[in-house]
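Here's a quick briefing to read alongside the model. Keep the viewer open as you go.

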Amino acid sequence: MRTQVAIIGAGPAGLLLSHLLASDGVDSVVIETRSRAYVEARIRAGILEHSTVELLDSLRLGHTLRREGHEHRGIYLQEPGTRHHIDFVDLVGRSVWVYGQTQLQRDLGQARDAAGQQIEYGVSHTQLHDLTTDSPCVTYESEDGRDQRLDADAIAGCDGSFGPSRAAVPGSAHQTWERVYPYAWLGILADVAPSTDELIYAWHPDGFALHSMRSPTVSRLYLQVPPETDVETWSDDRIWTALSERLGAGIDGWTLHAGPITDKSVLPMRSFLQAPMRFGRLFLAGDAAHIVPPTGAKGLNLAVADVALLAPALEALVRKGKPALADGYSEAALRRVWRCTHFSWWMTTMLHPTGDPFDEQLQLSQLRWVCSSAAGATGLAENYAGLPLRS
Ligand code: FAS
Ligand code: PHB
């Protein structure tokens, strides 16, 4: 087969990129190792930045989001006894939307179906070849067991943190940065109405807790646990007790409503970045190039920002033979990636106690400054609600 852009990975980055390329008249083929059902069922991100929603609206992909999603003005930051609302709309005029990645994945899949996009699910043995030529290709085994070769003008590595694209860049041609945090998140999905109107990020001496949600009847909550935690050691009762203590400590008149837990998992916390995000005709986007801890709700939104930059660069390269945008892609993408990497690290290290008394006083001082200073609150709001895509 031949196409203009071979896209590896049918997650948010890969599907949105194929949509953006098609709107620019560029053909692509998407190959995905998992089944469509698996990809669409993965429970991951829950917050869409202002810029992400604006982009989806501009592509006429925001209808279901605006019908089923929930716009939030801000978040609550909390320490025992004090819950403080940070109002992004008042501070920076931008809101965020609660809309699960599973729902966005479904919307993108339906839009690509309607456009007749070729997506091959269930592939294996994906390999990238001839990346430093103008005729790279991807070989793989299709679901029916046949060996395939996909020739392209460019390859988009949208295959996440464990895909082959990142590793296809020779060690001599890239630099990586990594920070592994000494804690993880235990996340639950529960069939119970949220006990809050907007997200609560709570610092507590026992550990961080986050109250998010997916709908008026489904809550999404997380609590800090040791990094190697076995999720089976946390019974439902133990989870609700810990969440209730960490989210409710000293908050008079507030209680956390418990309910049936329908999903439970432990999410490790790390920051990772590989640069440059390009090697020859291979371009990396999304988790294939960078990982952020979920505290800042940036992972999915960064993947969107990457492909919003990559699509016009690939259009200029493969349709018009103009390489300038493609040559500038990595540097432009990395400016936002490092900004979001810092913000995610800052939110994470501010809110997760490590048992070090000095660190904990610094965390509380920082939290109290953000909650009491317009400058501090505006800094958080600007980063959490998201900078304009072309910033
Ligand atoms: P993805 O990982 O979503 O997609 C990559 C795709 O490539 C996958 O479907 C994979 O199967 C496929 N692939 C891999 N190897 C392949 C191969 N060899 N051949 C073909 N295909 C291959 N972000 C937030 O903003 N907020 C959150 O709350 C949040 N929570 C998260 C919770 C969890 C448990 C995880 C794992 C991540 C979370 N994230 C969160 C981050 C997450 O949402 C990612 O940022 C987002 O999925 C990135 O999208 P992609 O770059 O498309 O990568
Ligand atoms: C979620 O709803 O899954 C979520 C929200 C905000 C975060 C992380 C996860 O910072």
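What follows covers the ligand site and then one aspartate.

This is a predicted model, so to speak plainly about the ground rules: local features need pLDDT of at least 70, side-chain atom pairs count only at pLDDT 80 or more, and totals for chains, interfaces and linings use all residues. Residues are numbered from 1 along each chain as its sequence is written, ligands are numbered from 1 in the order in which they are written, and side-chain values use heavy atoms, with hydrogens and water left out.

**Around ligand 1**
- Ligand 1 is surrounded by 29 residues (a heavy atom within 4 Å), and the closest are E32, R42, R44, Q101 and D287.
- That shell splits into twelve nonpolar, ten polar (Gly counts here) and seven charged residues.

- The E32 side chain puts an N or O atom 2.6 Å from a ligand 1 oxygen.
- On its own, ligand 1 has 990 Å² of accessible area (Shrake-Rupley, 1.4 Å probe), and the protein covers 86% of that.

**D107**
- D107 sits in helix α6 (residues 101-114).
- D107 counts as buried because its relative accessible area is 8%, and the cut-off is under 20%.
- The side chains of D107 and Y99 make a 2.4 Å polar contact.
- Beyond neighbours within four places in sequence, D107 is in contact (heavy atoms within 4.5 Å) with T64, L65 and Y99.

Conventions:
Polar contact = N/O pair within 3.5 Å; in protein donor to acceptor, adjacent residues only side chain to side chain. Helix = DSSP H or I, 4+ residues; strand = E, 2+ residues; numbered from the N terminus. Buried < 20%, exposed > 50% of the residue type's maximum accessible area, 1.4 Å probe, protein only.
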